[in-house]
Amino acid sequence: MSATLKFALLGALVLALVILCAKPLGHYIADVMEGRPNFALRWGARLERWIYRVCGIDAREEMSWSRYAIGLLVFNLAGGLVVYLLQRLQQWLPFNPQQLPAVSADSAFNTAVAFVTNTDWQGYSGESTMAYLTQAAGLTVQNFLSAATGLAVAIALIRGFTRRSSATIGNFWVDVTRSSLYLLLPLSALLAVALMGQGVIQNLHSYRDATTIEKLTFDNPKSDSAGKPLLDAKGNPITESVTTQIQTLPMGPVASQEAIKELGTNGGGFFNANSAHPFENPTALSNFMEIAAILLIPFALTYTFGVMVGDRRQGFALMAAMLILFAVLAAVAFVSEQGGNPSLASQGIDATSTASQSGGNMEGKETRFGIAASALFAAATTATSCGAVNSMHDSMMPMGGFVPLFLMQLGELAPGGVGTGIYTILIFAILGVFIAGLMIGRTPEYLGKKIQAREMKLASIFILTTPTLVLLGTALAVMTSGGQAGVFNPGAHGFSEILYAFTSAGNNNGSAFAGLSANTVFYNVSLGIVMWLGRFWPIVATLAIAGSLAAKKRVPVTEGTMPTHGALFISLLIGTIVLIGVLNYVPALALGPVVEHFMLSGAH
Amino acid sequence: MDIVYLVLLLGLFLASFGLALALERLGDGS
């Protein structure tokens, strides 16, 4: 079977599975979030009521958009404090069999923000930094709650379209509780068991030593007590030569974190190698399950949207736009990687795909996955806000690496993260109908709601916040010694690494071009700020739009109303998304992956 | 050092809180 056919079949299988699941799952999400009685609400009613009673929540209380936003912000601030304190106090807390010391203050700040914002950027190495209690009670809990927060915001925005002359958009506490209790927890439990069946580990054992067949000599980088690499006067890592026949195998409650890592589009690996690690992602089947899990809820939410607004065609239109963007860019990544490196080809190295070799660019990829499954994973993880990786994006070809970078820069909406994908594409839909309205000279409408100056101001804040943070952050990093210190690959690739880091942080993705040494005070602080503002400023703007739309009356559909479910609208939506992405990022991309591509191909 | 990062976290919260308050007062400009 040719490599291209393998990629096409794998992609088609994954997409067919998630699209088949979109209808039942999307319907289920609409039911539980709107409190329409179904089997889950009946089974969980007592537990749900108990949670409300213990937390002092009045489930019948409706909130204005600003109260909803303030509740959300306070909830996430509290989550950030808990994750920070768990890291700083972990040496005195239980479930730390390796007796790992406290995480440094700057890294703890960065990680707390990363997990609260659904980014899961990891400047640290999990197996040598985080105690089991920190991983499970801090990071995994935030994996659930940050995904639930995103879903709550999406449902609140959809209510903005469905409600008429309403001052409220729902109850944040109820939305977070229901999305965690009825969606994320049961799905994660199922996936965790399935992953354990494939060999993903789940235990609280201390790390195990295995004796290897051969002796191994390697240069081991020295670290300080906080786990940061020691550098010499020139800034190079200090290493010591070590010969050993002992390999330490890290253990831990991995499967339970792995499942929500994918389903919640979080992406924070239990281990530093993330889903490339055999204890996180051991087989081709576990890899298939993980890719499908990343895409599952975001695609299903388009159906939820259709159900809630009473016109499923509206959801299908958004799904179609997401699918087209995803399929095209995933194919570009695969073609770039399978095409291989011209530098190697010019030296007579055979990089063609045959029955006995994968060909193409296998640097940074696991042989058990190959190029097709690695390229598809890279596209899935950056088309959503996941950020898990099963290959090293830094080792991709320039145009292969361009794909994850650009998918994030489009706003992670093809299909996007849990909740974030649907609310981001809805903001672009609002912008699209506004542009169309300007062209035909008619007041723009979307789903019966007039789009006016206030909504456009809020949409502009939403759309401009992230590029501003990303580009300013990148500029600051390349101009300051703190930012330059982390670059091991000066030139176009080093610039790509910095741009990727801030793009990943600003869009709450969390994947990395791993060549950048980012566990420094500069990057921990700057990326932390970008992650927080890149998450919560757009969320506040989204909730403000929800409140504004909910307060409006619904205007009747007339012959002059632009249909928002056909091919014309899908094209308009895709055009708007690509145009905004290109306008924001082309100059930066030209300095990074594009120039690197031409340098590489021009040299041969 | 902890106080520095806790204050920074609080500052980020207040920056988001402040945006919510500002947007509540944002008119439609018409």
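This report describes salt bridges, a nonpolar core, aromatic pairs and a surface patch in a predicted model.

## Basis

The model is predicted, and local features need pLDDT of at least 70, side-chain atom pairs count only at pLDDT 80 or more, and totals for chains, interfaces and linings use all residues. Residues are numbered from 1 along each chain as its sequence is written, chains are lettered from A and ligands numbered from 1 in the order in which they are written, and side-chain values use heavy atoms, with hydrogens and water left out.

## Salt bridges

Side chains of opposite charge can pair when their charged atoms come close. Over all chains, the structure contains 16 salt bridges (a side-chain nitrogen of Lys or Arg within 4 Å of a carboxyl oxygen of Asp or Glu). One of them joins A:Glu48 to A:Arg178, with an N to O distance of 2.8 Å. This pair links distant parts of the chain, 130 residues apart: A:Glu48 is in helix α2 (residues 39–55) of chain A and A:Arg178 in helix α7 (residues 172–198) of chain A. Helices here are DSSP runs of H or I with at least four residues, numbered from the N terminus. A:Glu48 counts as buried because its relative accessibility is 5%, and A:Arg178 is buried with a relative accessible area of 16%. Buried means under 20% relative accessible area, exposed over 50%, and partly exposed in between (1.4 Å probe, protein chains only).

A second salt bridge, 2.7 Å from N to O, is formed by A:Lys261 and A:Glu280. A:Lys261 belongs to helix α8 (residues 254–263) of chain A and A:Glu280 to the loop between α8 and α9 (284–309) of chain A, so the pair ties together parts 19 residues apart in sequence. Both A:Lys261 and A:Glu280 are buried.

## The A:Glu337 site

A:Glu337 forms a salt bridge with A:Lys365, and their closest N and O atoms are 2.6 Å apart. Here too distant parts of the chain are linked, 28 residues apart: A:Glu337 is in helix α10 (residues 312–339) of chain A, and A:Lys365 is in the loop between α11 (342–345) and α12 (370–383) of chain A. A:Lys365 is buried at 9% relative accessible area, and A:Glu337 counts as buried at 0% relative accessibility. Elsewhere, salt bridges with shared partners join A:Glu258, A:Lys261, A:Glu262 and A:Glu280 into one network.

Apart from neighbours within four places in sequence, the residues in contact with A:Glu337 are A:Gly360, A:Asn361, A:Lys365, A:Ile371, A:Met396, A:Met397 and A:Gly400. Contact means heavy atoms within 4.5 Å.

## Nonpolar core

The largest nonpolar core has 187 residues, of which A:Phe161, A:Phe305, A:Tyr446 and A:Leu543 touch the most other members. Helix α9(A) gives the largest share of this core, 17 residues. Such a core is a set of buried Ala, Val, Leu, Ile, Met, Phe, Trp, Tyr and Cys residues joined through side-chain atoms within 4.5 Å.

With neighbours within four places in sequence left aside, A:Leu543 is in contact with A:Trp65, A:Tyr68, A:Ala69, A:Leu72, A:Val153, A:Ala156 and A:Ile169.

## Aromatic pairs

There are 22 aromatic pairs over all chains. In one of them, A:Tyr68 and A:Phe172 are edge-to-face, at 5.5 Å centre to centre with 75° between the planes. The pair links distant parts of the chain, 104 residues apart, with A:Tyr68 in helix α3 (residues 65–89) of chain A and A:Phe172 in helix α7 of chain A. A:Tyr68 counts as buried at 0% relative accessibility, and A:Phe172 counts as buried at 0% as well. The ring centres of A:Tyr303 and A:Phe316 are 5.9 Å apart and the planes are at 55°, so this pair is tilted. A:Tyr303 is in helix α9 and A:Phe316 in helix α10 of chain A, so the pair ties together parts 13 residues apart in sequence. A:Tyr303 counts as buried at 5% relative accessibility, whereas A:Phe316 counts as partly exposed at 42%.

Rings of Phe, Tyr and Trp (its six-membered ring) pair if their centres lie within 6.5 Å; planes under 30 degrees apart count as stacked, over 60 as edge-to-face and the rest as tilted. One aromatic cluster consists of A:Tyr68, A:Phe75, A:Phe172 and A:Trp173.

## Surface patch on chain B

B:Met1, B:Ile3, B:Val4 and B:Val7 make up a nonpolar surface patch with about 430 Å² of accessible area together. Patches are made of residues with over 30% relative accessible area and no salt bridge, with like charges joined within 9 Å and nonpolar side chains (Val, Leu, Ile, Met, Phe, Trp, Tyr) within 5 Å. Accessible areas come from the Shrake-Rupley method with a 1.4 Å probe, and for residues only the protein chains shown count as cover. B:Met1 is in the segment before α1 (2–25) of chain B and is exposed, with a relative accessible area of 63%.

Terms used. Helices (H or I, at least four residues) and strands (E, at least two) are DSSP runs, numbered from the N terminus.
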